[in-house]
Amino acid sequence: MSLPPPLALFLPPTLPSSTVKDDTLVGLRFLSPSSTSPPASVTGSVLSPYHATPTTSSPSTTTVCINLQPLVVDSFQIYAGQRYSVILTANQPVGNYWVRALSSSGPTSFDGGLNSAILRYAGAPNADPTTNSTLVNPMYEYNLHPLVASPALGSPVPGGVDVALNLAITFDFTSLTFSVNGAQFVPPSNLPVLLQIMSGASTAASLLPAGSVYTLPPNKVIEISIPGGAVGAPHPFHLHGHAFSVIRSANSSTYNYVNPVQRDVVSTGLAGDNVTIRFRTDNAGPWIMHWCVALRYHTYVNNH
């Protein structure tokens with residue numbers, strides 16, 4: 001099956017619309033640059049994600065999309081930095097239908113067209129939709145699998161890798177600062193990591209900020225686990241320079257070593273979660289791993 005070209009619908013401040021023909025497949029592209037995690041849906045329609053978050057490979061800047069096995073849902077959660085391409089089957093009666101993404105902060109309603117766009121069938125009147133829907137089949141990340149099976153790197157047991165790291169996030173209510181593994185990220189003034197390396201620094205111990213830089217061996221399998229439940233959770237984490245396999249997703253205690261979804265931004269979930277990812281250090285560089293919302297702590301992954 002040939003896939004339809006993506007259709008872009010941008011949510012507020014304006015109320016956009018797009019017209020589609022009856023009984024066609026519509027490609028929708030969802031991107032979340034915000035600090036919230038809205039669940040997206042189209043009233044009365046089913047969605048089938050076919051691309052998970054693409055990753056940009058430096059230095060060639062080639063964009064690679066991770067194709068997915070078919071999965072039918074009626075809504076999905078999208079976190080800051082994540083991107084999805086989905087197929088919508090336009091098989092409903094000719095009319096107008098809401099495309100909605102209810103924000104988790106800020107204006108949390110659909111009043112006056114907030115957080116909304118319109119999917120309009122050809123022949124439908126130029127009017128706001130009057131439809132409502134009850135969402136009963138949400139998408140869960142652990143149900144996403146690559147179209148071409150790609151088993152997780154390493155051994156099929158927790159910690160079955162060359163290097164395993166745990167990133168424990170804490171919050172100091174006195175200073176109102178976050179730390180990861182006891183280290184608070186403080187940007188080195190006028191000394192970015194690349195400049196430090198160009199100036200001769202070659203080990204984690206010699207790079208600033210102290211405690212925020214990890215040196216990883218080249219061409220090895222790395223596992224990073226991030227317990228959920230930090231203040232303001234759930235939080236999305238983004239790793240530059242690599243696509244990783246999510247062997248344990250938020251809202252799940254199961255490890256998937258057979259066909260885990262691959263992406264570059266993952267939600268760390270709530271208390272009790274232990275989101276775990278794996279990747280290979282096959283793209284040398286001082287790569288940053290960061291919280292996509294409020295956490296200014298960055299883990300620089302240096303593969304030299």
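Buried means under 20% relative accessible area, exposed means over 50%, and partly exposed lies in between (1.4 Å probe, protein chains only).

I noted that this is a predicted model, where local features need pLDDT of at least 70, side-chain atom pairs count only at pLDDT 80 or more, and totals for chains, interfaces and linings use all residues. Residues are numbered from 1 along each chain as its sequence is written, and side-chain values use heavy atoms, with hydrogens and water left out.

**Salt bridges**

I searched for salt bridges (a side-chain nitrogen of Lys or Arg within 4 Å of a carboxyl oxygen of Asp or Glu). The count came to three.

Aspartate 264 bridges to arginine 83, with the closest N and O atoms 3.3 Å apart. This pair links distant parts of the chain, 181 residues apart: aspartate 264 is in the loop between β19 (262-263) and β20 (265-267), and arginine 83 is in strand β8 (residues 83-90). Strands (E, at least two residues) and helices (H or I, at least four) are DSSP runs, numbered from the N terminus.

Next I checked glutamate 141, which meets arginine 263 in a salt bridge at 2.7 Å, N to O. Glutamate 141 sits in the loop between β11 (138-139) and β12 (163-166) and arginine 263 in strand β19, so the pair ties together parts 122 residues apart in sequence. Both residues are buried.

I also found glutamate 223 and arginine 278 joined in a salt bridge at 2.8 Å, N to O.

**Aspartate 74**

A polar contact of 3.3 Å joins its side chain to that of serine 75. Such a contact is a pair of N or O atoms within 3.5 Å; within protein, one must be able to donate a hydrogen and the other to accept it, and residues adjacent in sequence count only if both atoms are side-chain atoms.

**Rings**

I found eight aromatic pairs in the whole structure. The rings of phenylalanine 171 and phenylalanine 173 have centres 4.9 Å apart and planes at 85°, so this pair is edge-to-face. Rings of Phe, Tyr and Trp (its six-membered ring) pair if their centres lie within 6.5 Å; planes under 30 degrees apart count as stacked, over 60 as edge-to-face and the rest as tilted. Phenylalanine 173 is exposed, at 62% relative accessible area.
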